[in-house]
Amino acid sequence: MDAVKSTLLIISSLAITTNVISVYILYKKRAKNNYVILCINLSLSDLLQSIAGYIPSFFLQPNLKKATVVCKLSAFFVAFPSYTTIATLTAIALSRFLLLSTRYNRNQVNYKNLFMKIATLSWIYGFTWAVLPLVGFSSYTLEDTHTRCAINFSPKTRVEKAYLILLMAFGFFIPVIIILISCLFTADLISSNYKYFFVTYGKENVETKRYKEKEKKAFSSFLLMVLSFIICWSPYATIGVLSAFTSTRIPKLLIEIAALFAKLAALVNPFIYFWKDSLLKKVFKNKMTQIKN
């Protein structure tokens, strides 16, 4: 097994293990916080990508001559959860901003139903973009490394070019812009609400401290998830844009590194949950104590 596949094996194993644990613990927390539904959605997306997207690549022959069915399906199951993840992150950012900025009666909002709909629509959105290349609006083709398949970044027809442009716009750049703008407005709203609590109840009031800690924790966790996704996928997206719209020749080693870096996105969220979630830390410590004993 070469170095690339060995690295991918480590990433896949860790991603599957940590996301299974995350789904289990987050599911137990769903009654306390309905936003957990969307976190579960993210973990399921990463889990699907790790199992159906990464594992099949181990069965591909080196130096492939053409895109096989397994190769195309592997590419599909990498793309599908990725688009679902960016849709979910966008929905979380928008929903938090809108719910914080709108004056509403909390009892009139069915959060569970709202977030279940958001999760469902995210999967539909991701599936739509991922399935289009399988039905002729582009294709999953061999990368220059000849070790795996990906979206066709060398479009020849108008349809292929139109799909790639729309995909880059609605699958990455527009969602990222929406997320960042929503985060800026959300941060401003949290600051304004905290000032209200501070003026009304005082800095040392229990409700003031609780609001500050709760919102700061939720906002910082989400911001970390967004930044990790952008950082992990930006190199690969940049290479895709350069390959599609310029004559730049990208070294194979750089493509391999960018692809592995993108795959780290499926591994990051569980560690963010663990770092920010006291329940996850408690469960992990208890398990480690049981193992030692």
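**Reading helix contacts**

Reply: Start with one contact. Val 4, Thr 7, Leu 8 and Ile 11 in H1 meet Glu 256, Leu 260 and Lys 263 in H7. By class, this contact of H1 with H7 holds four nonpolar residues, one polar and two charged. Keep in mind that the model is predicted.

Me: How do I describe such a pair in geometric terms?

Reply: Two packed helices are described by the angle between their axes and the distance between the axes. Here, the axes of H1 (residues 3–29) and H7 (residues 252–263) come within 10 Å. They cross at roughly 10 degrees. Angles under 35 degrees count as roughly parallel, so H1 and H7 are roughly parallel to each other.

Me: At what angle do the axes of H1 and H2 cross?

Reply: The axes of H1 and H2 (residues 36–54) cross at roughly 150 degrees. They come within 9 Å. The cut-off for roughly antiparallel is over 145 degrees, and H1 and H2 are therefore roughly antiparallel to each other. The crossing of H1 and H2 is left-handed.

Me: Which residues of H1 and H2 make the contact?

Reply: On the H1 side, they include Leu 8, Ser 12, Ala 15, Ile 16, Asn 19, Val 20 and Val 23. On the H2 side, Val 36, Cys 39, Ile 40, Ser 43, Leu 44, Leu 47 and Ser 50 are among them. Sorted by class, the contact of H1 with H2 has 14 nonpolar, five polar and two charged residues.

Me: Take one residue from that contact. Is Ala 15 buried or exposed?

Reply: The number to read is the relative accessible area. Under 20% means buried. Ala 15 has 0%, so Ala 15 is buried. This residue sits in helix H1. Beyond residues up to four places away in sequence, Ala 15 touches Ser 50, Ala 266 and Leu 267. Ala 15 and Ser 50 are 35 residues apart in sequence, yet their C-alpha atoms are 6.4 Å apart.

Me: Back to H7. Why does Glu 256 count as buried?

Reply: Apply that cut-off again. Glu 256 has 13% relative accessibility, so Glu 256 counts as buried. Its place is in helix H7. Leaving out residues up to four places away in sequence, Glu 256 touches Val 4, Thr 145, Thr 147 and Arg 148. Val 4 belongs to H1.

Me: What is the relative accessible area of Phe 77?

Reply: It is 24% for Phe 77, so this residue is partly exposed. Phe 77 is found in helix H3 (residues 69–101). With residues up to four places away in sequence set aside, Phe 77 touches Leu 48, Gln 49, Ala 52 and Gly 53.

Me: Now zoom out. How many helices and strands does the chain have?

Reply: The chain has nine helices and two strands. From the N terminus on, their order is α-α-α-α-β-β-α-α-α-α-α. Buried residues make up 44% of the 293 residues.

Me: And what do the contacts and the surface look like for the whole chain?

Reply: Take contacts between residues at least 6 apart in sequence. Of these, 74% join residues at least 24 apart. The accessible surface comes to about 16500 Å², and 67% of that belongs to carbon and sulfur atoms.

Methods: Residues are numbered from 1 along each chain as its sequence is written. This is a predicted model: local features need pLDDT of at least 70, side-chain atom pairs count only at pLDDT 80 or more; totals for chains, interfaces and linings use all residues. Side-chain values use heavy atoms; hydrogens and water are left out. Helices (H or I, at least four residues) and strands (E, at least two) are DSSP runs, numbered from the N terminus. Buried means under 20% relative accessible area, exposed over 50%, partly exposed in between (1.4 Å probe, protein chains only). Contact means heavy atoms within 4.5 Å. Accessible areas come from the Shrake-Rupley method with a 1.4 Å probe; for residues, only the protein chains shown count as cover. Axes are lines fitted to C-alpha atoms, for helices over the stretch in contact, and angles run from 0 to 180 degrees between N-to-C directions. Angles under 35 degrees count as roughly parallel, over 145 as roughly antiparallel, 65 to 115 as roughly perpendicular and the rest as oblique. Ala, Val, Leu, Ile, Met, Phe, Trp, Tyr, Cys and Pro count as nonpolar, Asp, Glu, Lys and Arg as charged, and the others, Gly among them, as polar. A crossing is left-handed if the near helix is turned anticlockwise from the far one by less than a right angle, and right-handed if clockwise.
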